[in-house]
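Biologist: I am new to this one. Please show me how to read its features.

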Amino acid sequence: MSTLKKEIIKMFALAPGIEALAKNQVIFLTPMGFITGDLADNNECAPGTAVFSTIVEKANEPFKDVELADNDGYIQLANARLCPTTGSPCDLGDIVLFFDQIIGVKLGTIN
């Protein structure tokens, strides 16, 4: 089942693919802090990301024809970075970010 939250998150996640917005990052606000990253592109991914993508796809197979309710669902990010509200930023690499853990989303950059 689609929700307004899921649709907004998806639209923002795809926005940097638009030429006029290409210099922006998608910034997700989560309980742990801000997470930025690139949408995992299974066609143009590094070997490590390809393995990660394969695992996610395999886990998702039973749900392909099922409409997920509420905040179920995820976004897979590559080159992800966590900028916590306190403490030092850290690189996460590949990560699956679940919709129910996203508080907000915006376009911009984090230095």
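Biologist: Is leucine 29 buried, partly exposed or exposed, and why?

Modeller: Buried means under 20% relative accessible area, exposed over 50%, partly exposed in between (1.4 Å probe, protein chains only). Leucine 29 has 30% relative accessibility, so it counts as partly exposed. This is a predicted model: local features need pLDDT of at least 70, side-chain atom pairs count only at pLDDT 80 or more, and totals for chains, interfaces and linings use all residues. Residues are numbered from 1 along each chain as its sequence is written, and side-chain values use heavy atoms, leaving out hydrogens and water.

Biologist: Where is leucine 29 found?

Modeller: Helices (H or I, at least four residues) and strands (E, at least two) are DSSP runs, numbered from the N terminus. Leucine 29 lies in strand β1, residues 25-30. The protein chain has two helices and five strands. Their order from the N terminus is α-β-β-α-β-β-β.

Biologist: How do I read the sheet's strand order?

Modeller: Strands of a sheet pair through backbone hydrogen bonds, either parallel or antiparallel. Two strands pair if DSSP finds at least two bridges between them. Here the open sheet runs β4-β3-β2-β1-β5, with antiparallel pairing. β4 (90-98) and β5 (104-108) stand at the edges with a single partner strand each, so one side of each has no neighbour in the sheet.

Biologist: How many bridges join β2 and β3?

Modeller: Six bridges, in the antiparallel sense, join β2 (residues 33-39) and β3 (residues 74-84). Threonine 36 has arginine 81 in β3 as its bridge partner.
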